[in-house]
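Please load the model in your viewer and keep the selection tool handy.

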Amino acid sequence: MTMLHNLRSYCRLLALVASWVLSVFPLLSAQHSKELMADACSNELHQREQNVLWASQVERRTAGHVYREEEIDTVEGPVHRLLSVDGREPSPSDRTQDDDRLRDLRKNPSARLTLKKNREAEEKKIDDLLRAIPDVFLFKDQGKQGNLERLAFSPNPAYKPATYQEAALHALSGVVLIDLTEKRVAQFSGTLTQQVNFAHGLLGHLDKGGMIEVNRVRLSPGLWETSSFRTDLDGRALFKSINKQVDETRSDFEPVLPDTNIQRAVEQIVHKSAFFFQPAQGNIERSHESEKAF
């Protein structure tokens, strides 16, 4: 009888402990998840402040075609050179158009200034969103995947978006994977779970169901870059339809000098592409003349 009584007392004690753990753990887990996300965003911002530049191979898939490009980051913005379309060399018209664009970018100060302003505006938007992310969402720890922590996220009802970009971000629900060694975002994927209205719909909206997915790769200690980026967003802006479909993959990352400007990047990218295309003997002289034009 005494043993049975002790067993019952022990079971009640276990039930009380379990009840206490279950009541407290979600709060601790949510706080831990938010702090982990905040650390990852802070580390990303710290890398962005260093202005690390890379050259990479980019594959962009759009309208049923695959475009392969060489891209070089510069202090003024990215410079890219078309290498192939659907696995084949660009057509003469595509090559001429690409040459004209690069020539204008190198020789036209207005074109370089426009590229720089666009880059600065885009970088500011990204920085602002990174600072907002820990508060925009509510996070729930879903356990580990190897050395990655899996966090589910959903809109934080207490957060009031300050910009249209924050409003679109705030409507996402999905999953983020955090590398625990360096506390960096390895993957972010979300879906719009509701329609996003801008100015109560007067200026436009994004349809429910749109998605965004970003994958990041570690290149060296503390340095990460985006290896793939996909979006599929539909809606309207005033009287125009929005159809934002991006599907691109980046690979073959190589470091670039931190003071690389557009002129140096154009010279480098034209030189690289000349080796890539390896023109036939009859076209070598014309290829050299094309390079001199830059």
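Start by selecting Glu 59, which is partly exposed at a relative accessible area of 35% (buried means under 20%, exposed over 50%, partly exposed in between, with a 1.4 Å probe and protein chains only). Before going further, note that this is a predicted model, where local features need pLDDT of at least 70, side-chain atom pairs count only at pLDDT 80 or more, and totals for chains, interfaces and linings use all residues. Residues are numbered from 1 along each chain as its sequence is written, and side-chain values use heavy atoms, with hydrogens and water left out.

Next, select Asp 99 and Arg 81, a salt bridge with an N to O distance of 2.3 Å. Asp 99 sits in helix α2 (residues 92–107) and Arg 81 in strand β3 (residues 79–85), so the pair links parts 18 residues apart in sequence. Helices (H or I, at least four residues) and strands (E, at least two) are DSSP runs, numbered from the N terminus. Are these two partners buried or exposed? Asp 99 is buried at 9%, and Arg 81 is buried at 4%.

Move on to helix α3 (residues 109–136), where Asp 128 and Lys 124 are four residues apart, about one helical turn. Their closest N and O atoms are 2.8 Å apart, in a salt bridge. Asp 128 is partly exposed at 32%, while Lys 124 is exposed at 53%.

Finally, select Arg 60, Glu 69, Glu 71, Glu 248 and Arg 250, which salt bridges with shared partners join into one network. The structure holds 24 salt bridges.

How values were computed. A salt bridge is a side-chain nitrogen of Lys or Arg within 4 Å of a carboxyl oxygen of Asp or Glu.
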